[in-house]
There are 2 protein chains.
Amino acid sequence: MVKLIALYKNPVTPQEFDQQYFQDHIPLASKMPGLRKIEVSRVFGAPQGEAEYYLVAELYFDDMDALKAAMTSPEGKAAAKNLMGFAKDLVTMMFAQVEEKIPTCTCS
Amino acid sequence: MVKLIALYKNPVTPQEFDQQYFQDHIPLASKMPGLRKIEVSRVFGAPQGEAEYYLVAELYFDDMDALKAAMTSPEGKAAAKNLMGFAKDLVTMMFAQVEEKIPTCTCS
């Protein structure tokens with residue numbers, strides 16, 4: 001499994017960003033072929049100092065071929081175009097291989 | 001569900017880092033009480049330019065109380081101490097609330 005990770009820095013106007021992100025971008029991104037799961041997480045703090053990011057989005061695909069196909073599909077291009085319209089200066093993206101997924105004891 | 005996200009920048013000696021991380025740190029971190037899941041992902045590229053990070057680790061807990069309890073537990077302190085010994089200048093940590101987890105169609 002691979003994922004596209006998008007890290008978003010703090011927007012100037014969070015309310016406006018949230019509207020553009022959750023109401024417009026997520027529905028577009030969700031249409032990408034081969035997408036297995038989206039996990040969006042809202043950063044609310046850090047163990048030390050201030051958190052460097054505002055939002056973390058992870059889009060899961062079976063493998064890199066599927067991810068590439070999704071990004072170059074019409075749906076992927078539409079999602080990317082939309083994103084660049086409101087978050088170009090906020091977003092950092094990277095590809096990652098899910099190496100370890102360790103289920104742990106739920107007894108505690 | 002909340003998660004502790006740790007972003008690691010590129011280490012000077014990846015092989016040494018991997019050994020310290022996977023052989024020493026992960027087993028220590030896995031002992032934290034209340035930990036529901038660890039997902040470790042290896043960054044291998046970016047859509048544009050070079051990726052800013054080397055590794056992404058996500059530790060899932062039921063809520064912030066459970067995460068705080070884990071971090072202040074003896075197991076959590078041991079894991080943090082171990083981490084600071086080899087990755088202090090590489091790691092960026094943050095707390096995040098998992099806001100959306102969207103299962104998508106598996107038909108394509």
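A: Happy to! In chain A, strands S1 (residues 2-8) and S4 (residues 91-103) pair antiparallel over seven bridges. Strands pair if DSSP finds at least two bridges between them; helices (H or I, at least four residues) and strands (E, at least two) are DSSP runs numbered from the N terminus. This is a predicted model: local features need pLDDT of at least 70, side-chain atom pairs count only at pLDDT 80 or more, and totals for chains, interfaces and linings use all residues. Residues are numbered from 1 along each chain as its sequence is written, chains are lettered from A and ligands numbered from 1 in written order, and side-chain values use heavy atoms, leaving out hydrogens and water.

Q: Which residue is the bridge partner of A:Ala6 in S4(A)?
A: That is A:Met93.

Q: And which helix of chain A packs on the sheet, touching S1 and S4?
A: Helix H3 (residues 74-87) does, with contact meaning heavy atoms within 4.5 Å. The direction of H3 makes about 115° with that of S4(A). Axes here are lines fitted to C-alpha atoms, for helices over the stretch in contact, and angles run from 0 to 180 degrees between N-to-C directions.

Q: Why do the copies meet through the same surface?
A: Because 100% of the interface residues of chain A are also interface residues in chain B.
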